[in-house]
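Please open the structure in your viewer and keep the selection tool at hand. The tour goes from one selection to the next and says what is there.

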Amino acid sequence: MEKFKFKKKYGQNFITDENLINKIVNSAEINTESLVIEIGPGMGALTTKILDKCKQGIIYEIDTELKEYLEHKLNNYDNYELLFEDFLTTNVKEVLKKYKYKELLIVANLPYYITTPIIKKIIEEEILADKIVIMIQKEVADRFSAKVNTKDYSSLTVFLNYYYDIKKLFNVSKNMFYPKPEVDSSVILMSKKKEKENIEDINIFNKLVKDSFKYKRKNLRNNLKQYDLEKIDLILQKYNLSLNSRAENIPLNVFVEIANNI
Ligand code: SAM
């Protein structure tokens, strides 16, 4: 497609390296029972390799200028649904209802400008794929896979950790893309937890975590003024923590215990 103008506003940095494409697709361990969602196929670098392995693909692309090219490239496949829609606003769950599947995977080289909104959508709308293999900006990968007691540990890390085990698989140099982006990337694997923490009321948990991280520099005593601090303090003490701790010091299980007892 000679005349194609890459659109920065859509985060279009396409993979050019065959080995990288194989490495990403192989990391997802797609099999003939898998239903795979791809977000942003671009010129289909990952798409054909995904469709070679999976039962069915659901592919979301925002840029209608890629329609002719993609339809031509996928001409030999019949196991996909190609939707020219904005992933952030489309109703994914409605589409999923049409399919019977043993496992749901999400595989994508994500547009970097909306990585966090995409992940938030997946969690909030409970599009809870069994495995998610995504290439994202390296700094964002560090934030998603951050451990407690580090500066990258955030409310999103806690929410993600409730649903998923998150592992950084490998870093990718910016030279592997055209056009070349300004930042390096990482591929991460998110595997749905087999046994989740037992949260009694997800809304209370969500609010507690958000409130705890409201002002990152403030401690829990200040961020959680409107709560029963005595009760919270008793739980914190069991874990050698206190109201002087900051949200970044609180592991998922402690947030859960507090949420279940307030
Ligand atoms: N998968 C291709 C590759 O790896 O070469 C392209 C990846 S490129 C980083 C991101 C792709 O996401 C682009 O094709 C872009 O048009 C598409 N995209 C951007 N915003 C989107 C959105 N809101 N919904 C669906 N696709 C989007």
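This is a predicted model: local features need pLDDT of at least 70, side-chain atom pairs count only at pLDDT 80 or more; totals for chains, interfaces and linings use all residues.

Residues are numbered from 1 along each chain as its sequence is written, and side-chain values use heavy atoms, with hydrogens and water left out.

**Domains.** Select 8-192 as domain 1 and 202-260 as domain 2, bounds that come from an automatic or database domain assignment. Their centres, taken over C-alpha atoms, are 33 Å apart, and 12 residues of domain 1 are in contact (heavy atoms within 4.5 Å) with 14 residues of domain 2.

**Cores.** Next select Ile37, Ile134, Tyr164, Met190, Phe205, Leu236 and Phe255, the residues with the most contacts inside the largest nonpolar core, which has 61 residues. A nonpolar core is a set of buried Ala, Val, Leu, Ile, Met, Phe, Trp, Tyr and Cys residues joined through side-chain atoms within 4.5 Å, where buried means under 20% relative accessible area, exposed over 50% and partly exposed in between (1.4 Å probe, protein chains only). This core lies between domain 1 and domain 2, because both give residues to it. A second, separate core of 31 residues includes Ala28, Ile50, Ile59 and Met135.

Stay with Phe255: leaving aside residues up to four places away in sequence, Phe255 touches Val158, Phe205, Leu208, Val209, Ser212, Phe213, Ala247 and Ile250.

**Aromatic pairs.** The count comes to 10 aromatic pairs, with rings of Phe, Tyr and Trp (its six-membered ring) paired if their centres lie within 6.5 Å, and planes under 30 degrees apart called stacked, over 60 edge-to-face and the rest tilted. Select Phe4 and Phe6, an edge-to-face pair at 5.3 Å centre to centre with 85° between the planes.
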